[in-house]
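Subject: Handing over a structure, with notes

Dear colleague,

I am passing this structure on to you, and I would be grateful if you could read the notes below with the sequence and the model open beside them.

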Amino acid sequence: MNPRVFVLTLCTFAFGSAAFIFAGLLEEMAKDLGVSTAVAGQLQTAYVLTSALLGPVAAWALGRMDRKFVVIAGLALGLVLHLACSLAPNFETLLVLRALAGLAGAMSGPAASVAAAALVPPERRGSALAMVSGGMTLAFVIGIPIGSVVGSIFDWRATFLVAAALAAVALIGVIFFLPRVPAPPKREGGRVEFSGIWPLHLTSFLTFAANMTLNLYIAPIVRVGTGITGAGVAFFQAMIGVGAAVGLWLGGRAADRGAGKSWILQGIAIQACAMSLHLAATHQLLPRGWASDALVALAIFLAAMALFSISPVTQSRLIQMTNGAPVALALNGSVFSMGQAMGATLGGVALASYGVPAIPAAALMMSAVGFSVLLFVFPGVSAQPSEKS
């Protein structure tokens with residue numbers, strides 16, 4: 001693997017950490033800003049919704065620019081906005097700044113993927129993209145828990161300083177170690193045929209929506225399920241990263257074997273089981289202590305493992321069917337973000353309407369919907385690359 005791909009992994013690590021950096025302090029942040037926890041959760045919705053809507057637009061508008069320049073611009077913008085978030089005087093200002101930070105992610109995320117694909121030979125392209133995606137796993141294992149610990153020692157504003165520091169490290173790495181990566185040539189025919197790949201995008205949307213219904217509200221979930229608050233939540237956040245790492249390994253091997261519909265449905269079924277365990281934990285079906293702690297940790301691990309075991313399979317098929325077209329990859333990133341936005345909104349509505357136990361119930365409902373829909377629409381036979389691509 002080209003070692004410069006690791007520099008691009010720092011980019012997804014920085015933006016992945018920034019997306020959820022305040023999740024462990026969500027309740028404290030809401031109290032300080034004078035809003036409900038459900039309303040504060042919409043800071044995440046603003047971030048991912050902007051990223052989702054502007055991702056393909058940014059990929060098109062910046063498509064002819066050098067990838068290194070685009071990544072640098074996105075990281076620099078993110079750095080400035082994270083610093084501004086730490087100084088935001090009220091919720092409304094913070095909401096606007098988070099939305100603009102989503103634009104920074106929309107600029108650099110797809111560009112980092114395209115750059116990674118360009119730095120390796122075609123037969124290693126899938127592995128390079130998986131390596132870049134692994135930055136999100138590192139975010140849950142290291143970046144986000146660090147934010148929770150720092151925020152519990154100081155306050156929630158310090159979490160955004162952590163996000164800014166991570167963006168600065170990635171920015172320095174890209175400036176000094178990433179070579180110039182010219183924009184990819186235009187595809188023959190000028191456009192990507194999306195009629196055959198929409199089930200892949202739908203899979204990404206539904207699975208991320210189910211998972212993120214719960215993940216953003218991990219602090220109240222852990223508090224109700226285990227009684228643990230503050231810095232202790234970081235351990236449970238790290239379990240997301242551990243599960244994601246295992247899931248990426250399993251999903252990568254499955255993609256190499258040409259896994260498809262049965263693997264996807266299996267993953268969603270495991271995700272539904274994880275949400276059921278969360279539902280049991282929030283109803284205190286086990287006594288407080290190691291038993292309830294283990295139940296919540298297991299549920300978090302299984303949900304992350306299931307989600308990230310699905311992603312390599314859908315991405316592998318997407319690359320195969322489009323030959324890694326930048327707009328197709330940007331659109332896939334958008335549906336990831338749209339799923340996160342849907343999950344954040346659904347979880348917030350459930351929390352505001354019925355309380356913490358309703359969050360895993362809503363996530364379980366989303367998993368059931370995903371399984372039912374994909375049972376019928378996901379292609380059962382491995383798709384082949386288009387001859388026209």
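This is a predicted model: local features need pLDDT of at least 70, side-chain atom pairs count only at pLDDT 80 or more; totals for chains, interfaces and linings use all residues.

Residues are numbered from 1 along each chain as its sequence is written, and side-chain values use heavy atoms, with hydrogens and water left out.

Salt bridges

A search of the whole structure finds two salt bridges, the term meaning a side-chain nitrogen of Lys or Arg within 4 Å of a carboxyl oxygen of Asp or Glu. In one of them the side chains of Glu-27 and Arg-223 meet, with 2.8 Å from N to O. This pair links distant parts of the chain, since Glu-27 belongs to helix α2 (residues 26-33) and Arg-223 to helix α10 (residues 218-226), 196 residues apart. Helices here are DSSP runs of H or I with at least four residues, numbered from the N terminus. Glu-27 is partly exposed, with a relative accessible area of 22%, and Arg-223 also counts as partly exposed, at 32%; in these notes buried means under 20% relative accessible area, exposed over 50%, and partly exposed in between, with a 1.4 Å probe and protein chains only.

A salt bridge also joins Asp-66 and Arg-180, whose closest N and O atoms are 3.3 Å apart. Asp-66 lies in the loop between α4 and α5 (67-86) and Arg-180 in the loop between α8 (157-177) and α9 (198-215), so the pair ties together parts that are 114 residues apart in sequence. Asp-66 is buried, with a relative accessible area of 13%, whereas Arg-180 is exposed, with 68%.

Helix packing

For the helix pairs, axes are lines fitted to C-alpha atoms over the stretch in contact, and angles run from 0 to 180 degrees between N-to-C directions. Angles under 35 degrees count as roughly parallel, over 145 as roughly antiparallel, 65 to 115 as roughly perpendicular and the rest as oblique. A crossing is called left-handed if the near helix is turned anticlockwise from the far one by less than a right angle, and right-handed if clockwise.

Helix α10, which holds Arg-223, has an axis that comes within 10 Å of that of helix α11 (residues 233-256), and the two cross at roughly 115°. That makes α10 roughly perpendicular to α11, and their crossing is right-handed.

Helix α1 (residues 4-20) packs with helix α6 (residues 91-118) at an angle of about 155°, their axes being 10 Å apart. The two helices α1 and α6 are therefore roughly antiparallel to each other, and α1 passes α6 in a left-handed crossing.

The axes of α9 and helix α15 (residues 358-377) come within 7 Å and cross at roughly 165°. That makes α9 roughly antiparallel to α15, and the crossing of this pair is left-handed. Helix α15 contains Leu-364, which counts as partly exposed at 26% relative accessibility; the C-alpha atoms of Leu-364 and Cys-273 are separated by 8.1 Å, although the two residues are 91 residues apart along the chain.

Nonpolar patch

Leu-49, Leu-53, Leu-54, Val-57 and Met-338 make a nonpolar surface patch of about 380 Å². Patches are made of residues with over 30% relative accessible area and no salt bridge, like charges being joined within 9 Å and nonpolar side chains (Val, Leu, Ile, Met, Phe, Trp, Tyr) within 5 Å; accessible areas come from the Shrake-Rupley method with a 1.4 Å probe, and for residues only the protein chains shown count as cover. Helix α4 (residues 42-61) gives the most to this patch, with four residues. Leu-54 is found in α4 and counts as partly exposed, at 31% relative accessibility.

Single residues

Gly-151 lies in helix α7 (residues 125-153) and is buried, with a relative accessible area of 4%. From C-alpha to C-alpha, Gly-151 and Leu-25 are 6.9 Å apart in space, yet 126 residues apart in sequence.

Gln-284, in the loop between α12 (261-282) and α13 (290-322), has a positive phi of about 50° although it is not a glycine.

With best wishes
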